[in-house]
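Please take a moment with the sequence and the fold before reading on. The paragraphs below go from single residues to the chain as a whole and back again.

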Amino acid sequence: VSTKVTWIECDLMSFESVKTAAKEMKERFSASGIHVLCNNAGISTFPDEPTVDGFDPQMQTNHLSHFLLTQQVWPLLLTASRLTGE
């Protein structure tokens with residue numbers, strides 16, 4: 001079994017950064033898809049100032065940006081599933 005991990009920069013406090021990361025993923029993996037998407041972040045006790053998108057930093061970082069990234073790259077997960085029969 002061969003394993004390859006790819007790092008793509010993504011600032012979860014910016015929806016624009018999340019969309020840029022998703023776009024890079026689509027460009028790099030459109031043919032093969034992706035087998036795993038690990039959404040992991042956790043912040044707390046962050047200053048109570050809105051993000052550039054106007055949301056609470058904890059809510060955007062820990063939840064909203066994960067939903068956005070998953071929604072944007074869902075087709076890549078389906079592609080990998082289709083190609084491997086999983």
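Does Ser14 count as buried or exposed? Ser14 counts as buried, because its relative accessibility is 14%, where buried means under 20% relative accessible area, exposed means over 50%, and partly exposed lies in between, with a 1.4 Å probe and protein chains only. This is a predicted model, in which local features need pLDDT of at least 70 and side-chain atom pairs count only at pLDDT 80 or more, while totals for chains, interfaces and linings use all residues. Residues are numbered from 1 along each chain as its sequence is written, and side-chain values use heavy atoms, with hydrogens and water left out.

Ser14 sits in the segment before H1, and, leaving aside neighbours within four places in sequence, Ser14 is in contact (heavy atoms within 4.5 Å) with Val52, Asp53 and Gln60. Asp11 is also found in the segment before H1, but Asp11 is partly exposed, with a relative accessible area of 43%. Not counting residues up to four places away in sequence, Asp11 touches Ser17 and Val18, whereas the C-alpha atoms of Asp11 and Gly85, which are 74 residues apart along the chain, are separated by 33 Å.

For the chain as a whole, the secondary structure comes to 2 helices and 0 strands; helices (H or I, at least four residues) and strands (E, at least two) are DSSP runs, numbered from the N terminus. The C-alpha trace spans about 45 × 20 × 20 Å along its principal axes, and 31% of the 86 residues count as buried. Among contacts with a separation of 6 or more, 64% are accounted for by residues 24 or more positions apart.

Thr79 and Ser32 are 47 residues apart in sequence and 6.7 Å apart in space, C-alpha to C-alpha. With neighbours within four places in sequence left aside, Thr79 is in contact with Ser30, Ala31, Ser32 and Gly33, and Thr79 is buried, because its relative accessible area is 14%.

The loop between H1 and H2 holds Thr45, which counts as exposed because its relative accessibility is 80%. Phi of Thr45 is near 50 degrees, a positive value in a residue other than glycine. Most residues other than glycine have a negative phi.

The largest pocket holds about 870 Å³ of space. A pocket here is found on a 1 Å grid over the protein atoms alone, as an open set of points where a 1.4 Å probe fits, with protein on both sides within 12 Å along at least five of seven lines, and lining residues have an atom within 4 Å of a point; grid points are joined across faces, edges and corners, and the volume is the space filled by probe spheres set on the points. Of the 23 residues that line the largest pocket, the closest to its centre are Val5, Thr6, Val36, Leu37 and Cys38. Helix H1 (15-29) and H2 each supply at least two residues of this lining, and H1 gives the most, with 3 residues. Val5 belongs to the segment before H1 and counts as exposed because its relative accessibility is 59%. The C-alpha atoms of Val5 and Val36 are separated by 9.8 Å, although these residues are 31 residues apart along the chain.
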